[in-house]
Amino acid sequence: MERKLESVKIEGKEVALLADFPVRFACMEHFDEELDDYVNDFEAAPDTHRAELIEDETMDKRCRVCGEPAQIALLKEKGL
Ligand SMILES: [Zn+2]
């Protein structure tokens, strides 16, 4: 779904995130749609990672559109 975090662990590495850019999740089916939404909502292309690489047990890793388990995480990393 969607959460704002200062940083997130990706494959064991702490990655700083830009403030005001949430972490969103999408399934393969809705990835293109979510990508467009992210660009429209935040006027920046997100960085994408496989959802399973995001190491946060408290994160709701379901597609924002359909609620199915997500395959892709969309977020915005600092300094890229
Ligand atoms: Zn979906």
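User: Which residue stands opposite Glu 2?

Analyst: That's Arg 24, in strand 4. Before we go on, this is a predicted model: local features need pLDDT of at least 70, side-chain atom pairs count only at pLDDT 80 or more, and totals for chains, interfaces and linings use all residues. Residues are numbered from 1 along each chain, as its sequence is written.

User: What makes strand 1 and strand 4 a pair?

Analyst: Two strands pair if DSSP finds at least two bridges between them. Strand 1 (residues 2–3) and strand 4 are joined by two bridges and run antiparallel, so by that rule they pair.

User: And what makes a stretch a strand or a helix in the first place?

Analyst: Both are DSSP runs, numbered from the N terminus: helices are H or I with at least four residues, strands are E with at least two.

User: Which strands make up the open sheet, and in what order?

Analyst: The order is 1-4-6-5, with antiparallel pairing. Three bridges join strand 4 to strand 6 (residues 72–75), with Arg 24 opposite Leu 74. Four bridges link strand 5 to strand 6, and there Arg 50 stands opposite Ile 72.

User: Why are strand 1 and strand 5 called edge strands?

Analyst: Strand 1 and strand 5 (47–50) each pair on one side only.

User: How do you know which faces of strand 4 are covered?

Analyst: In a regular strand the side chains alternate between the two faces of the sheet. A residue is buried if 20 or more other C-beta atoms (placed from the backbone) lie within 10 Å of its own, exposed if 12 or fewer, and partly exposed in between. In strand 4 (residues 23–26), Val 23 and Phe 25 are buried on one side, and Arg 24 and Ala 26 on the other, so both faces are covered.

User: What makes a group of residues a nonpolar core?

Analyst: It's a set of buried Ala, Val, Leu, Ile, Met, Phe, Trp, Tyr and Cys residues joined through C-beta atoms within 7 Å. The largest one here has 13 residues, and those touching the most other members include Phe 25, Ala 26 and Leu 74. Strand 4 and strand 6 are the elements that give two or more residues to this core, and strand 6 has the largest share, with four.

User: Why is Asp 20 called exposed?

Analyst: Asp 20 has 9 other C-beta atoms within 10 Å, so it falls in the exposed class. Asp 20 lies in the loop between strand 3 (13–16) and strand 4, and its phi is near 80°, a positive value in a residue other than glycine.
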